[in-house]
Amino acid sequence: MYETSYHRAGSLAEAAQLISNADDGKFLGGGQTLLPTMKQRLAAPSDIVDLTKIPELKGIREDGGSIVIGAATTHYEVASSALLKEKIPGLAALAGGIGDPAVRHMGTLGGSIANNDPAADYPSALVALNATVATSKRSLSAEDFFVGMFETALDDDEVVVSVSFPIAQKSAYSKYPNPASRYAMAGVFVARLGDGSVRVAVTGAGQNGVFRATAMEDALSGNWSPDAVAGIEVGADDMLHDIHGSADYRSNLVTVMAKRAVAATG
Amino acid sequence: MSKVSMVLNGKPVAADVEDRTLLVSFIREVRGLTGTHVGCDTSQCGACVVHVDGKAVKSCTMLAAQADGAEVVTLEGLASGGALHPVQAAFKENHGLQCGFCTPGMIMSAVDMINRHGAGNLDETTIRHELEGNICRCTGYHNIVKAIKAASDQMAGMAQAAE
Amino acid sequence: MAVEGIGARALRKEDKRFITGKGRYTDDMVLPGMGHAAFVRSPHAHARVKGIDASAALAMPGVDAVLTGDQLVGDGIGNLICGWMIHSKDGSPMNMGGWRALEPEVVRHVGQAVAVVVADTPAQARDAADAVVVDYEELPAVVDAIEALAPGAPQIHPEAAGNLIFDWEIGDEAAVEAAFDNAAHVTRMEIRNNRLVPNPMEPRAALASYDDAEEHYTLYTTSQNPHVARLVLSAFYNVAPEHKLRVIAPDVGGGFGSKIYIYPEEMVCLWASKRVGRPVKWVSDRTEAFLTDAHGRDHRSEAELALDADNRITGLRVKTIANLGAYMSLFSSSVPTYLYATLLSGQYDIPAIHANVKTVYTNTTPVDAYRGAGRPEATYLLERLMETAAREVGLSPAEFRRRNFVRSFPHQTPVIMCYDAGDYDATLDAAMKAADYDGFAARKAEAASRGKLRGIGLSCYIEACGIAPSAAVGSLGAGVGLWESAEVRVNPVGTVEVLTGSHSHGQGHETTFAQLISERFGLDTDAVSIVHGDTDKVQFGMGTYGSRSGAVGMSAIVKALDKVEAKAKKIAAHLMEAAEGDIQIEGGELKVAGTDKKLTFTEVALAAYTAHNLPDGMEPGLKEGAFYDPTNFTFPAGTYVCEVEVDPETGKTEIVNFVAADDFGKVINPMIVEGQVHGGLVQGIGQALLENASYDENGQLLTASYMDYSMPRADDVPSFKLTTHETLCPGNPLGMKGCGEAGAIGSPPAVINAITDAIGSNDLAMPASPEKVWALYRSAMREAAE
């Protein structure tokens, strides 16, 4: 790791001040992606500003028809939340499958979505559940928030404060992990929202990060069953391909994971 | 440089370290506790697992500065008053280690696993899944899984006996 | 503790330090004033080094020195060696290119070191290494062995024209030709053995120091064989004469072969410690380990099996191309030759075998012995052929194997090996019973009802351990003898220290070896300590690899114990005025048979050291040493049965049952032996399902971290069912065979045979990744539909 200066922000205002004072600063959540990247010298921020101790970034609460999760909430806290297990079980299950137990103790919701790794799990949940991202500056729909691979709508000095997930009638996530890294090679989040509309979001597979599988949404709207998506192929054209799986294989996995996610909603 | 203070294995410690110092370097190099190991660069192998404020974390993927003010427990701090922790004892009794290099992380992860699930609530499938972040190259996991199950069940028995 | 002799499941004496965080590995060692090394490594697979500019690095804080290959060569440091000479079939010696620990002219694989920085802290050293500017002129690279042999391929070493290192053969080509001419059936396959990265969890490390007053070096390092390291560092690299160099291999976190070799980095630390005048430490990170630890396997073979009308094997013909990487590592030449082709007869009576092996340079990390070393390659090739042939001729895989088993011993194969003892029917029967082979059809039907494809596969392996005898391996080209030494020191108070040339890096020698003494003298195992891994303490030893510590290392201890026992009996007989032949050792006492006269072992030991009353002419003391040179290899063998379920939608394979029935001869500690098998099995399953060192066409290693190299995790594998059948090895005093590698040798073909059985298609190469299995099953279904 190159030299860097660590700062711990106590408030959003302080975080903004610290980052504006830095030459090339970066916000730090749990650090489970940023620190390994810095250790490999692939990132060299002059300053890192730790957001995890800011009070308004913590906690899980119900607010109207939504569950609001603070950005500094860890994957473990999401996975073990009784409220989430009851209201949006697919989201709790997703968080319980990120990384491994030690990573889940550190990694945060805000850190994950701000990085927008194409193989990360959370983006699929935000898009499928039609979540709203509250930042230090504004509110954004999930689809507006995720711009492309490792790209979000966030400004350099903008902090994710919380994410508001509308409570869904049904939700489930199914992923096929990369055998080495255990990141998603294809992860599919299916949701039937409160208004009955259906959303299907895919992560891990697409070249541009998370995307909606609209043909699957249409099929599930009329028939919420694994069979409804079994014959739907998302196509290999925009799929990632690497030593672990071709675009064709990933395309197949998307269909299979969609089926299994629907089946998991019971 | 920053001053980092923490309670390490029950003892308050402090040192001035470069901000880029990882928690594992603080533990090993600054404090000389070499029971915590480094086996990879990418947060996968788990040889470096310690407990920070009661939860298992990978000390190679956390800055010492992030742990400022925290309570940290390493393998060296697990036994109390000369008596092995039941998980430590179970690793020996079940031949859950060979070269010993992954063992610190395995034991710390196992203790955390039992804490979260509750003693006596672990089956083989759960244990294998929970060990996703700990790699062993010697044992083929067979006896590690056996050791964790035995420790979990034994701790349940101890808890029951204490009631 | 207790008296725990041969056969006891004694808990390990060494465990306490490991489970309490008190193990002492190389990276745990700290010397006053030590500096830290970081290497400047080539980002190119093949390039000319046109210049190295270290000026910026030298100006950085904490930096002592930047050292390069020119300085190394200038100081008279020798090239790295290959310790086994192989001759091509035309009689010419192998074509070996030069390998310098820091390369001044042409780098030949990504990660090869060209310079080293020594600085006050590891971070400063890394920062400065990044600031060393190396001017490279890129050269075309080749990574595939077959492409490297093709005309017009990039030339890697001037000494090896066309990148061919040697073209070697074994067996009777004409006899094999005749067998194929008269065959009733021929089974042909192309077989690939995938390249693996050993990945002991402790990365390599070195801490070197130089004492200029004594002109003496000390090296702490991650070695499986510290004495061999000292010998090579002295005799070939000219770092220091042996008596001026102490090599210590303290606790070592796994080896699996990869820590046999004497690598550039350890040697550079020694050399640099004198150059910079302070101790120098280097610890590999995991990506450095992927790029520089010797890899394993990487064979491409064509194999043919000839059968007669009764489905008895009449001939085996094998052509293999082995990729040795960019340089010839220490034992690299022996692996695809004498450790591979000599095992091609397997458990079968095959009258004629011929194998041709070509070894090739490529722009990849050097390849050498990795757990099993040659024997997994032979077993995989033969056992896939056997399963395939059985399917082709319509016999059950078990029946076809039984029809061809060797049943009388000794059995001379056509490829050097002479099997001394075994009972292959017994291990096959035991494995099939434990696997409930007969119930498989019902389980397959039940799995089908859940949409899963179930398959079962067999593998009947044989291997050769305790590589030996020294005179024989010498005649085949080995540069060293392959004996072992031991010294048994009885202290005046009756406790015992055993100094052994074997090295434990997970194998539990401190316990198993102590059990020998416990058995022999009736002593508590706590009264015994095992000393190893330090060239200042143990006189010499060949170290631990090739499953040799039991059959060879313990045999040396037994020989030394024989001498100690004989002397102790003489002393006891003298003190108790009895005949030497009447002295019996039992329960820690020396007794006169048929009387109640006895002395404790402690009393006899004390008498040996007080020397107040010893037999006439006897030297005081009770300490004996021995060297043991085996008379033959040992031949562990067994049958593995793997049962899998394949998910046809994803291609993912789950191992639902795995049985291993092994014959290791005499087992000293069943608990430790089982642990060795478990670990070997998972490395073999890893090879079959997950692991592959993958290069792109430019020679970049695509799997250089755990993000991309699939290490077996706990949820990738099942718990195992193990059983043993014992036939004693007649060649050593305890009847031991060796158990360290069997699991890795026998399991890959069992797994692949099970998957091909499940999906009904045979064209499957390792690793059987989900995508490969999925695609193969889909095309098989499509073909079936057409």
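**Where chain B meets chain C**

Modeller: Between chain B and chain C, 29 residue pairs are found in polar contact across the interface, counting pairs in which both residues have pLDDT 80 or more; that condition applies since this is a predicted model. On the chain B side, four helices, α2 (86-93), α3 (103-117), α4 (124-130) and α5 (142-162), each supply at least two of the residues that touch chain C. Of the elements of chain B, α2(B) gives the most to that side, with four residues. Sorted by class, the side of chain B that touches chain C has 16 nonpolar, 16 polar and ten charged residues.

Charged side chains also pair across this interface, where the rule finds four salt bridges between chain B and chain C. You can look for B:Arg20 and C:Asp127, whose side chains meet in a salt bridge with N to O at 3.0 Å.

As for the extent of the interface, 42 residues of chain B are in contact with 53 residues of chain C. The area buried between the two chains is about 4100 Å², and carbon and sulfur atoms give 56% of it. Three residues, B:Lys92, B:His95 and B:Arg137, supply 20% of the area that chain B buries against chain C, which is more than any other three residues supply.

Chain C has a domain 1 (15-19 + 483-628), a domain 2 (31-139 + 201-254 + 259-292) and a domain 3 (296-467 + 632-785). Taken over C-alpha atoms, the centres of domain 2 and domain 3 of chain C are separated by 36 Å, and their contact takes 30 residues from domain 2 of chain C and 32 residues from domain 3 of chain C. Here the buried area is about 2600 Å², with 67% of it from carbon and sulfur atoms. Within domain 2 of chain C, the residues that lose the most area to domain 3 of chain C are C:Trp84, C:Tyr261 and C:Phe290, which together make up 28% of what that side buries.

Between domain 2 and domain 3 of chain C the count of salt bridges is zero, while 13 residue pairs, both at pLDDT 80 or more, are in polar contact. Helix α9 (residues 286-292) of chain C gives the most to the side of domain 2 that touches domain 3, with five residues. The residues of that side of domain 2 of chain C divide into 17 nonpolar, nine polar and four charged.

Finally, chain C also pairs with chain A. Over all chains the structure holds 83 salt bridges, and one of these links A:Lys259 with C:Glu649, whose closest N and O atoms are 2.2 Å apart. A:Lys259 lies in helix α12 (residues 247-264) of chain A, and C:Glu649 lies in the loop between β26 (637-646) and β27 (653-663) of chain C, so the pair joins two chains. Chain A is itself divided into domain 1 (1-51) and domain 2 (170-264), with the C-alpha centres of these two domains lying 34 Å apart. For residues 1-170 of chain A, an unreviewed UniProt entry carries the annotation "domain: FAD-binding PCMH-type", and over that stretch the chain is 34% helix and 24% strand, its end C-alpha atoms being 44 Å apart.

How values were computed: Residues numbered from 1 in each chain as written. Chains lettered and ligands numbered in written order. Predicted model: local features only at pLDDT ≥ 70, side-chain atom pairs only at ≥ 80, totals over all residues. Heavy atoms only, no water. Contact = heavy atoms within 4.5 Å. Buried area = accessible area lost by both parts, 1.4 Å probe. Polar contact = N/O pair within 3.5 Å; in protein donor to acceptor, adjacent residues only side chain to side chain. Nonpolar A, V, L, I, M, F, W, Y, C, P; charged D, E, K, R; others polar. UniProt positions renumbered as here; feature names shortened; annotations may be inferred. Domains from an automatic or database assignment.
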